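Have your viewer ready, and let's walk through this model one selection at a time. Each stop says what to pick and what you will find there.

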Protein chains: 2
Amino acid sequence: MILVIAGKRLETHGIRGLNIKDIAQDAGINHGTLLHHFGSAEGMRTALLTNLTEALIADMSAILNSDAPADTIFVELFRLMSQSGHNKLLAWRALEDAEYSPLAEGPSEKLIQQILDGVTRRIQGRDITLAQNIIFLALSSAVGWGICGPALKQSMGMSRTQQDQFPAWVGEQLPKLIQD
Amino acid sequence: MILVIAGKRLETHGIRGLNIKDIAQDAGINHGTLLHHFGSAEGMRTALLTNLTEALIADMSAILNSDAPADTIFVELFRLMSQSGHNKLLAWRALEDAEYSPLAEGPSEKLIQQILDGVTRRIQGRDITLAQNIIFLALSSAVGWGICGPALKQSMGMSRTQQDQFPAWVGEQLPKLIQD
DNA sequence: AATGCTATTAACATTTGTGTCAATAGGTCT
DNA sequence: AGACCTATTGACACAAATGTTAATAGCATT
């Protein structure tokens, strides 16, 4: 529950909003209590990072393991990454610790392998490199979409509905890359 | 010169490295001097943000206005976004102030319009929506690539060279989307 | 040389964030 | 009830970041 409140502060106030005094105040508790639970302010931030990362992995897994058709999987992926918490997590990671990344270790590594297997199966017999490139394109654009999609949309004069349809368009296009 | 040092601290120490005492020490000057010039610590950070944004826009403009062939433009775009300073800028923006974004205002808006015109010209007569979608895909994946490309590469077991070739692959693929 | 301006500095003051501690309250187990 | 454990709190202590001020130095203009 505390971490939920902390996550909201990350969204609304950025990294500087992640201090124990403010979070404790939002939660209506004494800041000493926070220190007692997490050991230190840094410990609290690490716990939040872990928590948010697990949430992202879980959400991605849910999409992947659903029985949705291939094209809507991309739509869901983009929708997921546009959720404020998830893209802020990645932005935070990119800023704070360059050496560790939530998409490179532990359960997420397994998840990506899972995605890779799925796509490789679909393009039967073709080079795995192609599958990797396609996934790379899908994931990186989903991340970029989450981080500066709204800004790009604005400067390109795209309508709200057109922006909303972009994920579906990507879902249509990517399979074409397989065929050629 | 001060802002160059501040930018380096952003890369090496993240946002928490952007305090006037440390920056002043790196620069070998008194921290009061920094305050005198920028008015406040926040003013210094705003100046850095503006500075980095202008650098990004300038770099993008240089790529766009070069007479390089269309496919290498994508390669250059990706290379640009993988430069640490640029993707950290976007991550910082995404985290700190949700309402303002460097790709949505001022000179960058003009730049994106310029890109849009160029692509629209190439796909002669087709719907502008297609051009917008393609640009959206290219830019968003370039941003995502900059922010978590290395991590993705790692968890997908991609070799260094394959990751390096990804931009070129995108450069080959995107024109295909125009033809169909 | 005198004036005025700007840059720079050290020292101090304030504010904010973090951490410690002793005291209290509530619960569980014997 | 008594012993024990954990959670919580307020008060204080410490550290770090920011801001203020008076003094000094350098430099251009008159």
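Helices here are DSSP runs of H or I with at least four residues, numbered from the N terminus. The model is predicted, so to speak of local features pLDDT must be at least 70, and side-chain atom pairs count only at pLDDT 80 or more, while totals for chains, interfaces and linings use all residues. Residues are numbered from 1 along each chain as its sequence is written, chains are lettered from A in the order in which they are written, and side-chain values use heavy atoms, without hydrogens and water.

Start with B:Q163, in helix α9 (residues 160-179) of chain B. Is B:Q163 buried or exposed? B:Q163 counts as buried because its relative accessibility is 8%, the cut-off being under 20% relative accessible area with a 1.4 Å probe, protein chains only. Beyond neighbours within four places in sequence, its contacts (heavy atoms within 4.5 Å) include B:W145, B:M158 and, across in the other chain, A:F136.

Now show both chains. In all, 56 residues of chain A are in contact with 55 of chain B. About 5,100 Å² is buried between them, 67% of it from carbon and sulfur atoms; this is the accessible area (1.4 Å probe) that two parts lose on being put together, summed over both. Select A:L95, A:F136 and A:M156 next: in chain A they lose the most area to chain B, together 15% of what that side buries.

Finally, pick A:E42 and B:R16, whose salt bridge has its closest N and O atoms 3.0 Å apart. The term covers a side-chain nitrogen of Lys or Arg within 4 Å of a carboxyl oxygen of Asp or Glu, and the two chains share 4 salt bridges.

Notes: Helices (H or I, at least four residues) and strands (E, at least two) are DSSP runs, numbered from the N terminus. Buried means under 20% relative accessible area, exposed over 50%, partly exposed in between (1.4 Å probe, protein chains only).
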